[in-house]
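Subject: Structure handover

Hi,

Here is the structure I said I would pass on. Have a look at it first, then read on.

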Amino acid sequence: QVQLVESGGGLVQAGGSLRLSCAASTIFRIDSMGWYRQAPGKQRELVAVVPSGDRPEYADSVQGRFTISRDNAKKAVYLQMNSLKPEDTAVYYCHALVVAFSGARFDSWGQGTQVTVSS
């Protein structure tokens, strides 16, 4: 019922930039959309999120370097990552909080895209 398709990961040198994209395919309304990441041996953590009709929120570690944006008409979310650091290396997951016709909310996740930053 919900499919999130991500693109844009890859290998980049420290100081470089990447842009991640995620598009949702669903008949349901989407509340918040955002990005999480998981590095080897670590828990998944929030990177940035755009609540519906509200201001973006960022993890302290990416504030000022990453910019999240959202296209509601396309049900898409983007993450522009600048000044990348080796510690940004992780699998990045797109997340959507989906609202079913009943009003119930449920989480939907993308398949993940690898971002590797070399020093």
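Below is what turned up, going from the sheet to the disulfide, the salt bridges and one threonine.

Some ground rules before that. This is a predicted model, so to speak of local features we need pLDDT of at least 70, side-chain atom pairs count only at pLDDT 80 or more, and totals for chains, interfaces and linings use all residues. Residues are numbered from 1 along each chain as its sequence is written, and side-chain values use heavy atoms, with hydrogens and water left out.

**The sheet**

Strands here are DSSP runs (E, at least two residues), numbered from the N terminus. Four of them make an open sheet in the order β1-β3-β8-β7, with antiparallel pairing; strands pair if DSSP finds at least two bridges between them. At the edges sit β1 (2-7) and β7 (66-71), each pairing on one side only. On average, neighbouring strands of this sheet are turned by 15° against each other, direction ignored (axes are lines fitted to C-alpha atoms, and angles run from 0 to 180 degrees between N-to-C directions). β1 and β3 run antiparallel and are joined by 6 bridges. Q3 has S25 in β3 as its bridge partner.

**The disulfide**

There is 1 disulfide in the structure, a disulfide being a pair of cysteine sulfur atoms within 2.5 Å. C22 and C94 form it, with their sulfur atoms 2.1 Å apart. The pair links distant parts of the chain, 72 residues apart: C22 belongs to strand β3 (residues 18-26) and C94 to strand β9 (residues 90-99). The torsion about the S-S bond is about -80°, so this disulfide is left-handed. As for accessibility, buried means under 20% relative accessible area, exposed over 50%, and partly exposed in between (1.4 Å probe, protein chains only). C22 is buried at 2%, and C94 is buried at 0%.

**Salt bridges**

The structure holds 4 salt bridges, each a side-chain nitrogen of Lys or Arg within 4 Å of a carboxyl oxygen of Asp or Glu. One of them brings together R105 and D31 (3.2 Å, N to O). That pair links distant parts of the chain, with R105 in strand β10 (residues 105-109) and D31 in strand β4 (residues 29-38), 74 residues apart. R105 is partly exposed at 46% relative accessibility, while D31 is buried at 16%.

E45 and R37 also meet through their side chains (2.7 Å, N to O). Here E45 is partly exposed at 38% and R37 is buried at 5%.

Then there is D88 with R65 (2.8 Å, N to O). D88 lies in the loop between β8 (76-81) and β9, and R65 in the loop between β6 (57-58) and β7, so the pair ties together parts that are 23 residues apart in sequence. D88 is buried at 1%, and R65 is buried at 11%. Through shared partners, salt bridges join R37, E45, R65 and D88 into one network.

**T113**

Lastly, T113 is in strand β11 (residues 113-118) and counts as buried because its relative accessibility is 12%. A polar atom of the T113 side chain lies 3.3 Å from the backbone nitrogen of G9. Leaving out residues up to four places away in sequence, T113 touches E6, G9, L20, A90, V91 and Y92, where contact means heavy atoms within 4.5 Å.

Cheers

Conventions
Helices (H or I, at least four residues) and strands (E, at least two) are DSSP runs, numbered from the N terminus. A polar contact is a pair of N or O atoms within 3.5 Å; within protein, one must be able to donate a hydrogen and the other to accept it, and residues adjacent in sequence count only if both atoms are side-chain atoms.
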